Each structure stands twice: as C-alpha cells, then as structure tokens.
Amino acid sequence: MKQILTFEEIENNVEVQTYLKYADYAFSSMGYKEHGSSHALYSATVACQVLRDLGYDQRQQELAKIAAYVHDIGLFIGKQDHAQSSAVIFLNIINKDRYDGDAFSIVGAIGCHEDKCFAPVSEIAAALVIGDKTDMRYERARTKDPFCLDKHGRVLLACKKVDVVVKKEKMKIELHLKIDTMICSVMDYFEIFMGRTNYCRKASDVLKCNFELYINEDKFL
Ligand SMILES: [Fe+2]
Ligand SMILES: [Fe+2]
C-alpha cells in the first residue's frame with residue numbers, strides 16, 4: 001500500500017534538512033535574512049493555522065504545512081527560479097511511485113510561491129504564501145546592529161512582533177506588526193515590503209477573505 005505523505009515524514013527527512021541547511025548557508029554568505037529550518041517551520045505553522053481557522057479539513061491543512069515547510073529548499077542552488085527548483089527537488093525526494101494528487105498539489109503550491117503578479121493557484125498555495133510572506137520576524141536578521149544592514153534588513157530588524165489572526169466569522173485575515181520606528185519608519189516598511197503585502201492580499205482573495213494590515217495598532221489596509 002502506498003504510504004501517505006505526512007508533515008512528520010518530510011520534517012524528519014534527512015535530505016530536506018540538508019537542503020535547508022545549505023540554503024541558509026547560501027543566504028548567510030549573501031548577508032540575506034535567515035532562510036533555514038526556522039523560516040520553514042514558521043511558514044508551515046502559519047499556513048496550517050490559516051486553513052485550520054478557516055475550517056478546511058485536516059488533509060488540506062497537512063498538505064499546506066508540507067508545502068510551506070519545503071517551499072525554499074531549492075535556495076541552495078540559487079535564488080533565481082528557486083520556486084521551481086524547490087518543487088522539482090521535492091518531487092525527487094518523494095520518488096515517482098508516490099506521485100499523486102496530494103504530491104502535485106504540494107508541487108504546484110511550491111512552484112507558484114514567488115509569482116507575485118498572479119493569484120496563488122490553490123487554497124494550499126494561498127496558505128503557503130501567507131505563511132511565507134508574513135515571516136517578517138526580526139530574529140531572521142543576520143545582525144542586530146541596524147547600521148550594518150541595508151534598508152531591507154533594517155525593516156526586518158524593526159519588526160518586533162508579527163501576528164497572523166484569522167477571523168472566520170468575518171472572513172478576514174489580519175496581519176498585525178509591531179514596528180520599532182526608532183529603527184525604520186512605516187514608510188520604509190511600505191517601500192520594502194509592498195510587494196509581499198499585495199501578494200498576501202491576493203492569497204487572501206483565493207481563500208475568500210479580506211486581508212487587513214495593522215502596524216502598531218493602526219489599520220493601513
Ligand atoms: Fe521563496
Ligand atoms: Fe520563503
């Protein structure tokens with residue numbers, strides 16, 4: 001009997017952990033923010049939480065969790081087209097005899113996660129995007145000294161708290177950020193992260209929800 005894909009299996013897969021480790025090495029050498037198992041786990045946890053809180057079934061939640069966990073494993077090859085390399089690597093990890101609807105829905109979600117001009121291809125992809133693009137935790141910055149960082153790094157360092165709140169009764173997905181304005185201004189946030197914020201909006205549309213952004217308790221979207 002074919003073994004069903006589980007998050008536990010993928011999280012404990014030695015190849016997955018190795019790829020995440022080397023993806024993070026590559027990004028570390030570029031001075032770019034953390035992209036290893038911490039980002040993978042945050043993205044997976046939020047993707048699963050979003051579908052759970054909106055009432056999707058457990059299998060959908062698990063597929064989103066798996067897709068979000070492995071969405072950046074191809075980064076060790078390079079940043080360019082890493083959504084596609086991550087998807088192909090995932091297929092290689094699970095072997096052909098396990099290719100089925102679940103596997104391909106994971107692959108499709110991974111493959112579209114950087115296509116910011118288009119809506120995510122499925123609810124699983126949308127949940128992955130919200131998990132990935134809301135990961136603005138300051139812990140991901142490589143240094144805690146704002147003077148050693150570019151503007152992108154400073155905005156990240158300023159994000160002292162990130163909360164994704166799903167309100168099913170109102171069909172809303174809220175992103176609450178606490179930004180230290182001694183490190184960067186709210187305008188800097190919009191300059192750097194507008195693309196990802198709009199992508200969260202597109203993802204929320206796929207989930208039939210409105211996306212709302214709060215910064216320091218003020219509503220901006
Ligand atoms: Fe990515
Ligand atoms: Fe990512």
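**Helix 7.** I started with helix 7, where 11 of the 11 residues are buried, so this helix is largely enclosed by the rest of the structure. The model is a predicted one. I listed the buried residues of helix 7: Glu123, Ile124, Ala125, Ala126, Ala127, Leu128, Val129, Ile130, Gly131, Asp132 and Lys133. Next I looked up what covers them. The cover includes helix 3 (37–53), helix 4, helix 6 and helix 9 (186–206). Strand 1 (159–167) and strand 2 (172–179) are also part of that cover.

**Helix 4 against helix 7.** I noted first how a packed pair is described: by the angle between the two axes and the distance between them. The axes of helix 4 and helix 7 (residues 123–133) come within 9 Å and cross at roughly 50°. That angle makes helix 4 oblique to helix 7. The crossing is right-handed. I then read off the residues that meet. Helix 4 brings Gln60, Leu63, Ala64, Ala67 and Ala68. Helix 7 brings Glu123, Ile124, Ala127, Leu128, Gly131 and Asp132. By class, this contact has 7 nonpolar, 2 polar and 2 charged residues.

**Helix 4 against helix 6.** I repeated the look-up for helix 6. Its axis and that of helix 4 come within 9 Å and cross at roughly 45°. Helix 4 is therefore oblique to helix 6. This crossing is right-handed. From helix 4, Leu63, Ile66, Ala67 and Val70 take part. They meet Asp102, Ser105, Ile106, Ala109 and Ile110 in helix 6. I sorted the contact of helix 4 with helix 6 by class and got 7 nonpolar, 1 polar and 1 charged residues.

**Helix 5.** I checked the length of helix 5 (residues 82–94). At 1.5 Å a residue, its 13 residues should span 18 Å, and the end C-alpha atoms are 18 Å apart, which agrees. Which residues of helix 5 are buried? I found His82, Ser85, Ser86, Ala87, Phe90 and Ile94. I kept a general point beside that list: an α-helix has 3.6 residues a turn, so residues three or four places apart point the same way. The buried residues of helix 5 pack against helix 4 (58–70) and helix 6 (101–111).

**Leu5.** I then turned to the segment before helix 1 (7–11), where Leu5 lies. Is Leu5 buried, partly exposed or exposed? Leu5 is partly exposed, because 18 other C-beta atoms lie within 10 Å and the buried class needs 20 or more. I left aside its neighbours within four places in sequence and looked for contacts. Leu5 is in contact with Ile66, Ile94, Arg98, Asp102 and Ala103. Leu5 and Arg98 are 93 residues apart along the chain, yet their C-alpha atoms are separated by 8.4 Å.

**Positive phi values.** I looked last at backbone angles. Most residues other than glycine have a negative phi. Asp81 is not a glycine and has a positive phi of about 55°. Asp81 is found in the loop between helix 4 and helix 5. With 12 C-beta neighbours inside 10 Å, Asp81 counts as exposed. Just after helix 5, Asn95 takes a positive phi of about 75°. I found another such value at Asn216, a residue other than glycine, with phi near 50°. Asn216 is in the loop between strand 3 (210–215) and strand 4 (218–219). Asn216 is partly exposed, with 14 other C-beta atoms within 10 Å.

Notes. Residues are numbered from 1 along each chain as its sequence is written. Chains are lettered from A and ligands numbered from 1 in the order in which they are written. This is a predicted model: local features need pLDDT of at least 70, side-chain atom pairs count only at pLDDT 80 or more; totals for chains, interfaces and linings use all residues. Helices (H or I, at least four residues) and strands (E, at least two) are DSSP runs, numbered from the N terminus. The expected span of a helix is 1.5 Å times one less than its number of residues. Two residues are in contact if their C-beta atoms, placed from the backbone, lie within 7 Å. Axes are lines fitted to C-alpha atoms, for helices over the stretch in contact, and angles run from 0 to 180 degrees between N-to-C directions. Angles under 35 degrees count as roughly parallel, over 145 as roughly antiparallel, 65 to 115 as roughly perpendicular and the rest as oblique. A crossing is left-handed if the near helix is turned anticlockwise from the far one by less than a right angle, and right-handed if clockwise. Ala, Val, Leu, Ile, Met, Phe, Trp, Tyr, Cys and Pro count as nonpolar, Asp, Glu, Lys and Arg as charged, and the others, Gly among them, as polar.
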